[in-house]
Amino acid sequence: RVLDTATSRFENPVEIIFAGHTTIPRIKPPAKRIGGMLRVTAPGGFEFANVNGDCVFFNLREATTPMSADVQTFGPADMDCIVGSGGSVNKLSLRLKGLQDILKNVVYVLTILVYNAKNL
């Protein structure tokens with residue numbers, strides 16, 4: 001847990017483990033700048049840690065890859081992590097912009113920072 005001194009709240013790392021039934025496609029040059037998207041919605045009251053709508057931290061990796069600050073299957077060059085879709089800080093969008101797909105039937109681990117609901 002990391003204390004956000006600007007808000008006096010703790011950023012808690014949350015891991016989501018998933019495997020898709022279909023491939024989420026990367027960009028298809030030259031016509032498109034952004035490929036597929038993965039959306040995450042937290043329960044009401046929880047907020048994804050962000051600065052001006054950009055995720056403070058995210059790491060998306062294949063489950064077979066150990067978690068490390070140096071190891072990312074997908075990093076900032078591969079996707080944008082946007083908080084506040086529709087004005088809600090409990091909604092997050094990961095938009096593919098690199099040359100990698102999120103492959104079907106592959107287990108991935110998404111790690112993001114979340115503020116707990118204030119009433120917990």
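Predicted model: local features only at pLDDT ≥ 70, side-chain atom pairs only at ≥ 80, totals over all residues.
Is the link of C55 and C81 left-handed or right-handed? With -60° about the S-S bond, this link is left-handed.

Residues are numbered from 1 along each chain as its sequence is written, and side-chain values use heavy atoms, with hydrogens and water left out.

First, the overall picture. The chain has ten strands and zero helices; both are DSSP runs numbered from the N terminus, with helices being H or I of at least four residues and strands being E of at least two. Of its 120 residues, 38% count as buried, meaning under 20% relative accessible area, while exposed is over 50% and partly exposed is in between, with a 1.4 Å probe and protein chains only. The accessible surface of the chain comes to about 7,100 Å², and 55% of that belongs to carbon and sulfur atoms. Those areas come from the Shrake-Rupley method with a 1.4 Å probe, and for residues only the protein chains shown count as cover. Now take the contacts in the chain with a separation of 6 or more: residues 24 or more positions apart account for 67% of them. Contact here means heavy atoms within 4.5 Å.

Back to the cysteines. A disulfide is a covalent bond between the sulfur atoms of two cysteines. The cut-off used for a disulfide is a pair of cysteine sulfur atoms within 2.5 Å, and a search of the whole structure finds one. C55 and C81 form it, with their sulfur atoms 1.8 Å apart. C55 lies in strand β6 (residues 54-55) and C81 in strand β8, so the pair ties together parts that are 26 residues apart in sequence. C55 is buried at 15% relative accessible area, and C81 is buried too, at 5%.

Next, the rings. Which residues do ring pairs link into a cluster? They are F18, F74 and Y108. Rings of Phe, Tyr and Trp (its six-membered ring) pair if their centres lie within 6.5 Å; planes under 30 degrees apart count as stacked, over 60 as edge-to-face and the rest as tilted. The whole structure holds two such aromatic pairs. F18 and Y108 are stacked, 5.7 Å centre to centre with 25° between the planes. F18 sits in strand β2 (residues 9-19) and Y108 in strand β10 (residues 107-115), 90 residues apart. The rings of F74 and Y108 have centres 6.1 Å apart and planes at 55°, so this pair is tilted. F74 belongs to the loop between β7 (58-62) and β8 (79-83), 34 residues from Y108. Y108 is buried at 1% relative accessibility, and F74 is buried with a relative accessible area of 1%.

You will find D101 in the loop between β9 (91-96) and β10, and at 19% relative accessible area D101 is buried. Leaving aside neighbours within four places in sequence, D101 is in contact with T23, I24, P25, R26, F74 and Y108, and two of these names, F74 and Y108, also belong to the ring cluster. The side chain of D101 reaches the backbone nitrogen of R26 at 2.7 Å. Finally, D101 and I27 are 74 residues apart in sequence and 8.6 Å apart in space, C-alpha to C-alpha.

Note on methods
Polar contact = N/O pair within 3.5 Å; in protein donor to acceptor, adjacent residues only side chain to side chain.
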